Amino acid sequence: MEWTKGIKRGGNMKFTVDAKELVKALTDIQLKGKYFNGASLTNNTLIEYFYAKLHNNTLSLWNCDSINSLIVRVNITVEGDEDGTVVGETGELLKYLKKFSGDVVVNCGDIITMTNNNSKLSQPTIANHPNMDTLNRMGQHVLNTHFEENLETLFNFNKEKYEGAFQLDSNTFSETMKLCELIGSGVYHLNYEHDKNKLSLSSATNNSNKFETSIELEGNIGESATLDFSSPLHVLFDNEMLNFYVKDDFPMLIISENKLLIKAPHLAN
């Protein structure tokens with residue numbers, strides 16, 4: 001797995017982190033929201049697993065859904081003691097972490113142990129994330145991506161380059177997506193117009209049942225692009241600036257200062 005080259009896998013990993021920060025990160029990567037199931041919108045989440053990689057004092061938490069070709073990553077700052085990787089189940093850890101407060105010492109080997117004051121939780125590790133193949137295949141394409149306060153770079157994804165990029169406040173994105181969701185189609189149309197510095201988002205079940213809105217962008221570069229997507233991408237982000245990287249009918253990449261999301265386009269049957 002190239003994108004974890006140099007990180008021990010299956011060995012020990014140890015770090016100290018604030019309990020509430022870890023709870024939020026593990027909750028965020030479940031991406032709880034309204035998903036398109038082929039006929040309507042239903043409340044759902046990604047699977048309750050995580051892939052974690054510690055490098056120096058940065059803990060990267062990943063989750064992935066192979067059906068929707070959707071990958072999320074959240075980075076948090078920890079006190080790192082020993083770099084490594086681990087795969088675990090989210091559900092049981094969160095039950096206890098939500099009751100913990102202050103610093104938690106996390107030690108991962110054959111088991112994950114979390115120590116908080118006089119309490120300790122132990123849970124087995126998992127050999128592989130259930131969607132590890134998708135995570136390997138798509139994750140390696142974003143190794144060299146990063147957040148830019150001022151857009152300058154059109155990153156490569158696989159063997160192709162994104163053609164356009166724009167900035168949008170996450171609160172504006174969230175408010176717009178919530179309005180689009182009310183239509184109930186579960187599929188959203190994105191139209192980025194570079195020359196007009198404008199983004200249009202819309203959703204429709206038919207010609208007479210449609211919502212659409214236009215947004216003036218914070219900044220943009222490159223060429224215009226259009227694509228359709230599904231899934232509640234907005235729920236990952238909160239009060240932060242987002243950089244969107246787009247190309248016609250191509251996986252969309254969204255990056256904030258400490259989060260990343262990749263979503264394959266929704267292609268009509």
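Predicted model: local features only at pLDDT ≥ 70, side-chain atom pairs only at ≥ 80, totals over all residues.
Local features were taken only at pLDDT of at least 70 and side-chain atom pairs only at pLDDT 80 or more, whereas totals for chains, interfaces and linings use all residues. Residues are numbered from 1 along each chain as its sequence is written, and side-chain values use heavy atoms, with hydrogens and water left out.

The protein has four helices and 22 strands, assigned as DSSP runs (helices H or I, at least four residues; strands E, at least two) and numbered from the N terminus. The C-alpha trace spans about 60 × 35 × 30 Å along its principal axes. The radius of gyration, taken over C-alpha atoms, is compared with a globule rule of 2.2 Å times the number of residues to the power 0.38. For 269 residues a compact globule would have a value near 18 Å, and the 19 Å of the protein agrees with this. The accessible surface (Shrake-Rupley method, 1.4 Å probe) comes to about 13,000 Å², and 42% of it belongs to carbon and sulfur atoms. Of the 269 residues, 51% are buried, that is, under 20% relative accessible area with a 1.4 Å probe, counting protein chains only. Contacts are defined by heavy atoms within 4.5 Å. Among contacts between residues at least 6 apart in sequence, 64% join residues at least 24 apart.

Nine strands form an open antiparallel sheet in the order S8-S4-S5-S6-S22-S21-S20-S14-S18, where pairing requires at least two DSSP bridges between two strands. Strands S8 (84-89) and S18 (219-222) are the edges, each pairing on one side only. From one strand to the next the twist averages 15 degrees. Within this sheet, S14 (residues 164-169) and S20 (residues 241-246) run antiparallel and are joined by six bridges, with Phe 166 opposite Phe 244 in S20.

Two helices lie across S4, S5, S6 and S22: H1 (residues 19-28) runs at about 170 degrees to S6, and H3 (residues 132-139) at about 75 degrees to S6. Angles run from 0 to 180 degrees between N-to-C directions, with axes fitted to C-alpha atoms and, for helices, over the stretch in contact.

Thr 16 is located in strand S1 (residues 13-18) and is buried, at 13% relative accessible area. Beyond neighbours within four places in sequence, Thr 16 contacts Val 78, Glu 79, Asp 81, Asp 103, Val 104 and Val 105. Cys 64 is buried at 1% relative accessibility, and Cys 108 is buried at 2%. The structure holds zero disulfides, defined as pairs of cysteine sulfur atoms within 2.5 Å.

Definitions and conventions
Buried < 20%, exposed > 50% of the residue type's maximum accessible area, 1.4 Å probe, protein only.
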